[in-house]
Amino acid sequence: MTDPAPGPAAAGDAEHGVHLLRQMLRIRRFEERCVELYSDMRIRGFLHLGIGEEACAVGVMEVLEPDDAVVATYREHGHALARGMTMRSAMAELEGKVEGCSRGRGGSMHLFDKSTRFFGGNAIVGGGLPLAVGLALADHMQGRRRVTACIFGDGAVAEGEFHESMNLAALWHLPVLFCCENNQYAMGTALDRAESETDLALKAASYRVPSWDVDGMDIVAVEDAASHAAEAVRGGGGPHFLELRTYRFRAHSMYDPDRYRDKAEIEGWRHRDPIPLLVEQLTAAGTIDDALVEQMEKEIEAEVDDAVAFADAGTLEPVEDLERFVVSEAAVADPGAV
Ligand SMILES: Cc1ncc(C[n+]2csc(CCOP(=O)(O)OP(=O)(O)O)c2C)c(N)n1
Ligand SMILES: [Mg+2]
């Protein structure tokens, strides 16, 4: 007997692995281009990049259903793209153009897309947690089997909102998937300088929320944990918590001179870059080769080029629109109806 040929499951796995790689590369190349556009002053304001953290964004977004909801932070380009926002829409927003997902009014920190149930982008540390609990409460009360994924950083754990949200979600058994991206720093403050307990999964577990810590640099581990947790949440198991241990290779934002981290520490983490790690795994399994990666890179470069051209050709909102949306358009059209 010969060895069994790879069956449909194996073929499916291979295809899925390539898909995960493509998603992470799309995010990496998109953000690398953002750096250039920022230096060129075509992107202005704050810009926080998730370079190094792509496995967290892709692994979690991958397991969600279209009806699920996402609430993220200001480091959310990757989550928005992995959730299905187009690069055009995201890039136009970053350039402050009306064609952007938030009409250019939100910028990098406030990507928002109702069509993919991507409810921000939020500049307030910890601010997304109560919003996620509210969305989940609505689903719970209306008997909908949906998951709300709430993404936040390790810095949010120091906020009262974290504790209030964990408590109420657990008490009311709400369908929230809490995903803490622990990159070990909140701006220039290392986690162990601000927290007496640095095991964040343990902290969440104290609210009787099932909690796991996960290697956030390993896309397979993140997707696997997220899939199990999301399934449990969807099945009525109440909130679950993932501590995704990760690292940002770049500074907190484009304004940050990054003087608080040892260069050797950064270099050490670069060896755990989630993209080369997956390339290595897929190459060893014979799923990809250099030619395929090269082809993928070309396609992604074209997608980024197209997004930049779209954003560059977009329009800035006219000054006459300054007060538009201060009051809802429906209320302006028919004040009696609202
Ligand atoms: C309520 C609030 N306090 C302080 C800030 C200023 N601030 C912006 S980012 C940040 C650090 C947050 O770190 P973390 O939650 O770990 O996310 P990361 O930037 O590492 O992804 C702080 C303190 C803020 N935006 N909101
Ligand atoms: Mg952090």
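Biologist: Let's start with a term: a residue is buried when its relative accessible area is under 20%, exposed when over 50%, and partly exposed in between, using a 1.4 Å probe and protein chains only. Is D154 buried or exposed?

Modeller: First, a word on the model: it is predicted, so local features need pLDDT of at least 70 and side-chain atom pairs count only at pLDDT 80 or more, while totals for chains, interfaces and linings use all residues. Residues are numbered from 1 along each chain as its sequence is written, chains are lettered from A and ligands numbered from 1 in the order in which they are written, and side-chain values use heavy atoms, leaving out hydrogens and water. D154 has a relative accessibility of 2%, so D154 counts as buried.

Biologist: Which protein donors does the magnesium ion (ligand 2) have?

Modeller: Donors are N, O and S atoms within 2.8 Å of the metal (3.2 Å for Na, K and Ca); water is not among the atoms, so sites may look incomplete. Here the protein donors lie 2.1 to 2.2 Å from the ion, and their spacing along the chain is D-x28-N-x1-Y. They are D154 (OD), N183 (OD1) and Y185 (O).

Biologist: Which word describes how α5 and α6 lie to each other?

Modeller: Axes are lines fitted to C-alpha atoms, for helices over the stretch in contact, with angles from 0 to 180 degrees between N-to-C directions. The axes of helix α5 (residues 128–141) and α6 come within 8 Å and cross at roughly 15°. Angles under 35 degrees count as roughly parallel, over 145 as roughly antiparallel, 65 to 115 as roughly perpendicular and the rest as oblique. α5 and α6 are therefore roughly parallel.

Biologist: And what about α4 and α12?

Modeller: Helix α4 (residues 87–94) and helix α12 (residues 290–312) have axes that come within 8 Å and cross at roughly 45°. These two helices are therefore oblique.

Biologist: How many of the nine residues of helix α2 are buried?

Modeller: Helix α2 covers residues 54–62 and is mostly covered. Among its buried residues are E54, C56 and M61.

Conventions. Helix = DSSP H or I, 4+ residues; strand = E, 2+ residues; numbered from the N terminus.
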